[in-house]
Amino acid sequence: MSNSVPGSAGVIATARLIAAKDLRVERRSRVLLNQVLPFALIVMVMFAFALDSDAVLERVAPGLVWLATLFSVLVMVSRSFAVETGDGALDQLRSAGVPATGIFIGKMLALMVQLMVLVALLVGAAVVLYRAHFSWAGGVLLVTTATAATCGLAAVGTLYGGLAAGAKGRETLLPLLLLPVVAPVLIGATRATESAFGTNGIAISEGWPWLGLLVVFAVLFSVAGAVAFGPLLDE
Amino acid sequence: MIAHEPGIDVVIDLSDAVAVLGSFPALAGATLSVNRGEIVLLRGPNGAGKTTLLRLCAGLIPLERGHGQVLGIDLKNDRELVRHRVGVIGHNNGLYGDLTVSENVRFWGRTVGATRAEVDAALRRMGLDGRLADLPVSRLSAGQKRRTALAGLVARRAELWLLDEPHAGLDATGRDELDQVLKMAAAAGATVMVASHELERAAQLATRQVEVVAGQVREIGAP
């Protein structure tokens with residue numbers, strides 16, 4: 001774990017700086033708005049074409065929301081690190097002694113914010129396209145599920161994005177590394193969202209244990225990422 | 001002015017320094033002393049160890065054997081501490097193309113807690129204030145990008161500038177601008193070490209030349 005050195009910004013200040021910078025880059029480039037969100041919506045529409053049954057779509061809507069999220073995460077993580085490696089900024093950050101933990105947390109937070117926007121859009125799309133049932137009673141579970149799941153996805157995405165950033169063939173390496181690891185998020189978030197939607201008559205209370213799984217995953221990978229990110233970058 | 005600790009005039013002090021890349025000793029007993037405000041040209045063939053020397057002085061690779069201090073900091077035990085006081089620019093500029101010039105310089109300045117006034121001063125010193133400051137970096141020429149990167153070093157209060165082939169990719173105007181900036185930086189108290197193959201141009205810029213051959217440093221003297 002890289003600690004800050006005297007005279008440099010601390011971990012928290014660095015995290016805020018990096019997160020603000022990443023969100024500003026997104027505001028300028030509009031990659032999320034113009035590419036990732038349309039991509040995710042197209043995936044949702046394609047699922048609807050492929051399954052072609054209202055009953056089936058309503059039943060599988062939670063899983064499709066999170067599958068579309070996972071596909072989009074790959075694009076977002078690649079973009080997040082392409083910004084850093086395009087002109088060698090990530091190397092500069094490390095050579096300037098900027099704390100790696102701060103870089104990790106900052107990039108993770110920015111990714112999480114963008115993922116929350118994406119998930120909100122996909123849930124809306126599921127309600128409109130798949131007639132998923134949204135109730136205010138399930139809203140609390142849905143929001144906490146989305147928060148924990150996006151935190152976990154952002155942590156893993158940032159960790160593996162950093163790992164793949166300097167590797168040859170990183171575009172194909174990232175899905176191979178990322179998708180197997182985030183399987184627990186897909187399962188947990190899908191089950192919790194089924195409860196929030198009341199899919200197949202599942203009670204809202206049945207979703208909370210799955211939320212627990214998501215929280216454990218998010219905490220585990222956030223801590224692991226904060227510790228391992230510096231050595232990974234230096235490698 | 002570049003802030004620096006009073007009393008430290010020898011910025012780089014290497015004696016029989018050995019640095020290893022993999023199992024290959026890229027620096028094999030290098031001895032070099034550089035004083036504050038000097039512009040030192042590193043010459044030598046490809047693979048001689050110039051980049052390794054720059055990376056060693058930046059605290060990016062460990063000192064395996066010998067003695068080494070940069071800005072009074074021991075490279076063997078505290079090389080991490082060197083990093084935030086040294087600015088390294090290689091073939092890339094480390095800029096974010098979607099952000100403006102001022103946003104980039106502010107970002108790098110804030111990594112060491114620089115104030116807005118310090119960032120504005122860095123932009124002015126590099127001639128990047130006014131209309132240029134609000135342009136996205138992706139729309140700049142190669143020379144303007146290099147100046148923006150150097151403004152980032154000023155905003156970061158880097159005391160030692162380590163530049164690897166800084167003239168590469170620049171047109172004649174860009175090279176002239178770069179030389180002016182480096183002379184200004186040295187006059188303001190920064191120490192500059194430049195690895196370059198453009199010997200004629202770099203020799204005009206440098207106050208001193210050293211040659212790196214087979215991992216060892218030979219003094220050539222003033223150009």
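Of the contacts in chain A between residues at least 6 apart in sequence, what share joins residues at least 24 apart? It's 84%, with a contact meaning that two C-beta atoms, placed from the backbone, lie within 7 Å. This is a predicted model, so local features need pLDDT of at least 70 and side-chain atom pairs count only at pLDDT 80 or more, while totals for chains, interfaces and linings use all residues. Residues are numbered from 1 along each chain as its sequence is written, and chains are lettered from A and ligands numbered from 1 in the order in which they are written.

View 1. Helices here are DSSP runs (H or I, at least four residues) and strands are runs of E (at least two), numbered from the N terminus. The C-alpha trace spans about 60 × 30 × 30 Å along the principal axes of chain A. Its radius of gyration is 18 Å, which agrees with the value near 18 Å for a compact globule of 235 residues; the radius is taken over C-alpha atoms, and the rule is 2.2 Å times the number of residues to the power 0.38. As for burial, 51% of the 235 residues count as buried (20 or more other C-beta atoms within 10 Å of a residue's own; 12 or fewer is exposed, in between is partly exposed, and C-beta atoms are placed from the backbone).

**View 2. Helix H3 (residues 54-85) of chain A against helix H6 (residues 136-165) of chain A.** The two pack at about 50 degrees, with axes 9 Å apart; axes are lines fitted to C-alpha atoms, over the stretch in contact for helices, and angles run from 0 to 180 degrees between N-to-C directions. That makes H3(A) oblique to H6(A) (under 35 degrees is roughly parallel, over 145 roughly antiparallel, 65 to 115 roughly perpendicular, and the rest oblique). The crossing is right-handed, meaning that the near helix is turned clockwise from the far one by less than a right angle, with anticlockwise being left-handed. On the H3(A) side look for residues including A:Val73, A:Val77 and A:Phe81; on the H6(A) side, A:Gly157, A:Gly161 and A:Gly162 are among them. By class, the contact has five nonpolar, five polar and one charged residues (Ala, Val, Leu, Ile, Met, Phe, Trp, Tyr, Cys and Pro are nonpolar, Asp, Glu, Lys and Arg charged, and the others, Gly among them, polar).

**View 3. H3(A) again, now with helix H8 (residues 183-197) of chain A.** Here the angle is about 140 degrees and the axes are 8 Å apart. That makes H3(A) oblique to H8(A), and H3(A) passes H8(A) in a right-handed crossing. A:Trp66 and A:Leu70 are among the H3(A) residues that meet H8(A), where the partners include A:Leu186 and A:Phe197.

**View 4. A:Val223, a spot in helix H9 (residues 208-234) of chain A.** A:Val223 is exposed, with 11 other C-beta atoms within 10 Å. Its C-alpha atom sits 17 Å from that of A:Pro184, 39 residues apart along the chain.

**View 5. Chain B, where it touches chain A.** Here 24 residues of chain B are in contact with 21 residues of chain A. On the chain B side, helix H2 (75-83) and helix H3 (101-110) each give two or more residues. That side has nine nonpolar, eight polar and seven charged residues. Chain B itself has seven helices and 10 strands.
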